[in-house]
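Welcome to this guided tour. Please open the structure in your viewer, and we will go from stop to stop, selecting as we go.

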Amino acid sequence: MDEIPGAGPSQASSGQHSAADRDWWRGAAIYEIYPRSFADANGDGTGDLAGVRARLPYLRDLGIDAMWFTPWYQSPMADGGYDVADYRAIDPLFGDLAEAEALISDALGYGIRTIIDVVPNHVSDQHVWFQQAIAAGPGSPERERFWFREGRGPNGEEPPNGWTSEFGGRAWSRLTAPDGTPEQWYLHLFAAGQPDLNWGHPDVRREHEDVLRFWFDRGVAGIRIDSAALLAKDPALPDLPIQPLPGEHPYVDRDDLQEIYRSWRRIAEEYDGDRALIGEIWLPNPDRFVRYLRSDVLHAAFNFDFLTAPWDAEVLRTSIDTTLMMHGRVGAPATWVLSNHDITRPVTRYGRADTGFAFDRKRYGTPSDRVLGERRARAAAMLAMALPGAYYLFQGEELGLDEVEVPRERIQDPMHFRSGGVDPGRDGCRVPLPWDGEKPPYGFSSGDVDTWLPQPDDWASMTAEAQSADPGSMLSLYRMALMVRRTHPDLGDGSMKWIPSAPGVLAFQRGDSFINITNLDTDPCELPSHERIWLTSAPLEGGRLPANATAWLRPSA
Ligand code: GLC
């Protein structure tokens, strides 16, 4: 296997780690893989683990430190795998356990760690526990692992409370007995195929602790925790208060969660001290957010404040300042994220009139200026990579893929259906990657098949192959930027200080030898005094940095 200069974690199970190695997650570049759409080795139109294994050299050349896999477990795919039927089995669409083990170990050989997704808030309705609960009937101990309740109203025809699903519609579905009589209701904060677990039940805690060990034993370096702030519920299941105080919402950010994650942290610490727990935590209150990042709770959490921010210098500056100040209080590294499998692609979003992100603002036909969006996405990527902490990117972001308007009849995302078809859903960023060739499936599948989501006809210039040959492409920019990020001693984990600049400009220094300057203004701006230019996201204009561009500089001594 090839040697990777300056990379390569020592074998994760060796137990011989330097401090920098153990703390890899503090400054890593982490690439999110949506396995269904990365690469299809068996030619059935859906991505698989063999496809990822075959593309590991691409990931090594990109210069990432770790990959995070969205759920690869056995699942009926009611929510793209976030409905897990069996945590100890890989879905046959993707491969099998031996393939996952081989992938984890091959990747380490390329210097790439593996992070997996655990979805503790809910399971699939096909999970053995839920099937047992249905069969055992009302009042049974099997039902206590979930939230089964009688309905309200004279015949129980009203749901037990007024909670709504995160995907739209109500958060309750009613079972029907085999003889057709309506039965109890069960809670699902997401789709009906994702019943919520009762985290007050000891089996639920024990099972998840066991799942963590199962995968840590197989060499995974980290766990991304899905919907991490939603697990704990007020067992009284009251209707939502109008304005709940922090910690008093019946299911968001309850204090019980801290102890759950402390127990997970203790398990992670049993493994060489280098396994990381990364929470998906959407909370507007930064004080509450960083409680999850205390040194005995989680290691890191996604920075959704930055991710959802519009392309606006003051909003971004405030987000950066708040992030760094709040993370500094608990000694946790910040994370910088521009996209994931739930979010509108950056080139599309940054080309719109409203450049921020909110789920309830996604609508069909929103116009986007692609050229402007791409310029900003290039500048934003360099900005995010230069900030202190870890950087997360989502597959296809490095190709500058746009959000696809998937034809309605091909959409799979439950968010679309549960919105009554108003919300286009999240499939637009989940379209299979274009690797090479002139027409679909662009090398994604080994055969000439219809991919599980259709690819656009105009992606020939977006393929990894076409972009590799073009030094001005998005892929070339990501490769160069990630290489600088990986080798420059002042990047990744650490601190920064702002440099005085015009209001529409974000300029800061890392260490003694690195400056990032991002121009969000409409006019070009002067560069700070420098002796070298490492990289720019767009050509300079008469020595000045044009609008919507970033430059990385070595300051004058
Ligand atoms: C998280 C995932 C999302 C999924 C949801 C329910 O938000 O990122 O894709 O639908 O949880 O598991």
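The largest cavity holds about 60 Å³ of space. A cavity here is a set of points, on a 1 Å grid over the protein atoms alone, where a 1.4 Å probe fits but cannot get out; its volume is the space filled by probe spheres set on the points, which are joined across faces, edges and corners. Before you select anything, note that this is a predicted model, in which local features need pLDDT of at least 70, side-chain atom pairs count only at pLDDT 80 or more, and totals for chains, interfaces and linings use all residues. Residues are numbered from 1 along each chain as its sequence is written, and side-chain values use heavy atoms, leaving out hydrogens and water.

Now select Y34, R36, M77, A78, D79, G80, Q412, D413, P414, D427, R430 and W452, which line the largest cavity (each lining residue has an atom within 4 Å of a point). This lining divides into five nonpolar, two polar and five charged residues. Ala, Val, Leu, Ile, Met, Phe, Trp, Tyr, Cys and Pro count as nonpolar, Asp, Glu, Lys and Arg as charged, and the others, Gly among them, as polar. The count comes to three cavities of 30 Å³ or more.

Stay with M77: it has a positive phi of about 60° although it is not a glycine. You will find M77 in the loop between strand 3 (73–74) and strand 4 (86–90). Helices (H or I, at least four residues) and strands (E, at least two) are DSSP runs, numbered from the N terminus.

Next, select E166, F190, L230, W282 and F359, which lie nearest the centre of the largest pocket, out of 39 lining residues. A pocket is an open set of points with protein on both sides within 12 Å along at least five of seven lines. About 1000 Å³ of space lies in the largest pocket, and its lining divides into 17 nonpolar, nine polar and 13 charged residues.

Switch to a cartoon view. What is the order of the strands in the open sheet of eight? The order is 11-10-9-5-2-1-13-12, with parallel pairing (two strands pair if DSSP finds at least two bridges between them). Strand 11 (300–301) and strand 12 (335–337) stand at the edges with a single partner strand each, so one side of each has no neighbour in the sheet.

Select strand 5 (residues 113–118) and strand 9 (residues 222–225), which pair in the parallel sense over four bridges. Here I115 stands opposite G222 in strand 9.

**Stop three: the three-stranded sheet**

Another open sheet has three strands in the order 6-8-7, with antiparallel pairing. Select strand 8 (residues 182–187), which pairs with strand 7 over four bridges. R174 has W185 as its bridge partner in strand 8, and T176 stands opposite P182. In the hairpin of these strands, with five residues between them, G180 takes a positive phi near 90°.

How many aromatic pairs does a search of the whole structure find? It finds 29, counting rings of Phe, Tyr and Trp (its six-membered ring) whose centres lie within 6.5 Å. Select F130 and F148, a stacked pair (planes under 30 degrees apart) at 5.7 Å centre to centre, with 15° between the planes. F130 lies in helix 5 (residues 128–136) and F148 in strand 6 (residues 148–149), so the pair ties together parts 18 residues apart in sequence.

Finally, select P440 and P441: the peptide bond from P440 to P441 is cis, with omega near 5°. P441 lies in the loop between helix 13 (414–418) and helix 14 (464–468).

Methods
Phe/Tyr/Trp six-rings, centres within 6.5 Å; stacked < 30°, edge-to-face > 60°.
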